[in-house]
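Try each one before reading its solution.

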Amino acid sequence: MSARRALWWVVATLVVVWAPAALACSVCFDANAERRAAFLGTTIFLTLTPLAFVFAVVWWLRRRARALDAIPPAE
Amino acid sequence: MTTISSPMMPTNVRAVPPAPPVRRQLVSSAMLGMLIFIAVELMFFSGLISAFTIVKSSAAPGAWPPPGQPRLPVELTAVNSLVLVASGALAWLAWRAFTRRASAPQAARSLLGAAALGAAFVVVQGVEWTRLVGEGLTMRASTYGSFFYMIVGAHALHALAAIAALLWCWRQASVGRLRAPQLGAVLTLWTFVVGLWPVLYVLVYL
């Protein structure tokens with residue numbers, strides 16, 4: 001293992017082990033476990049929805065591009 | 001024009017410039033615009049869904065829907081949802097008829113059927129809202145009412161706009177002026193409206 005890679009692993013381990021939970025939004029916390037789960041769930045939902053949309057569009061465009069490539073160009 | 005001379009070639013042969021690469025349109029302007037619009041609307045509804053989920057989870061156990069507020073028509077709306085899904089299926093039959101069989105009259109008939117079923121869905125929703133308002137579920141009555149009319153009302157507005165677009169496509173197909181990119185863009189909008197509804201139904205009604 002190179003020194004640079006070893007350093008990367010050490011830093012990554014320290015970050016994972018020592019980093020405390022950072023509550024980005026001061027109101028996104030509640031003593032109620034159900035509400036905390038709702039905060040977490042909606043955060044994941046709002047994060048993944050646009051990504052899923054972008055990936056779906058890219059996948060569809062790639063499929064279209066391949067289909068168009070399969071058609072020989074008109075003379 | 002460049003003249004090439006080499007020991008292997010006659011001196012008067014001229015180099016032919018390479019043909020420009022063939023550029024093909026990957027996606028029509030209508031479809032690109034519609035995809036951008038749907039991306040915006042998707043995030044709009046995602047925001048509403050998230051806000052509703054958090055407010056619903058904040059309610060005390062057994063306090064959602066709030067006591068004293070009328071209950072939503074779960075069974076009738078389930079049947080109405082099937083009407084909307086049937087409308088979506090008819091719209092895709094129109095697409096198949098138009099693109100695979102090149103049958104504009106058949107596509108026009110399917111589009112009219114899709115628009116009629118979509119309109120029936122909105123009308124039934126409207127009748128139910130009238131009843132709910134009469135029973136005291138208004139925008140200002142509670143958070144429950146606010147979210148209900150906001151989420152379902154926003155969906156109904158989208159449905160109305162998409163039905164108008166379906167009717168426009170039907171008119172264009174009837175006079176033989178409909179083009180595939182236009183129909184594709186409108187069907188994408190209608191598929192979004194139809195596909196979103198079951199999510200909203202489960203979230204708001206159940």
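**Exercise 1.** Find how far apart the mean positions of the positive and negative charges of chain B are.

Step 1: count Lys and Arg as positive and Asp and Glu as negative, leaving out His and the chain ends. Step 2: place each charge at NZ of Lys, CZ of Arg, CG of Asp or CD of Glu. Step 3: chain B has 14 positive and 4 negative charges, and their mean positions lie 26 Å apart.

Before you go on: this is a predicted model, where local features need pLDDT of at least 70 and side-chain atom pairs pLDDT 80 or more, while totals for chains, interfaces and linings use all residues. Residues are numbered from 1 along each chain as written, chains are lettered from A and ligands numbered from 1 in written order, and side-chain values use heavy atoms, without hydrogens or water.

**Exercise 2.** Work out where B:Gln69 sits, and whether it is buried or exposed.

Step 1: look in the loop between α1 (29-58) and α2 (74-99) of chain B; these helices are DSSP runs of H or I, at least four residues, numbered from the N terminus. Step 2: B:Gln69 has 15% relative accessibility, so it counts as buried (under 20% relative accessible area, 1.4 Å probe, protein chains only).

**Exercise 3.** Which side chain does the side chain of B:Gln69 make a polar contact with?

Step 1: search for N or O atoms within 3.5 Å, one able to donate a hydrogen and the other to accept it; residues adjacent in sequence count only if both atoms are side-chain atoms. Step 2: the partner is B:Ser142, at 3.1 Å.

Methods: Helix = DSSP H or I, 4+ residues; strand = E, 2+ residues; numbered from the N terminus. Buried < 20%, exposed > 50% of the residue type's maximum accessible area, 1.4 Å probe, protein only.
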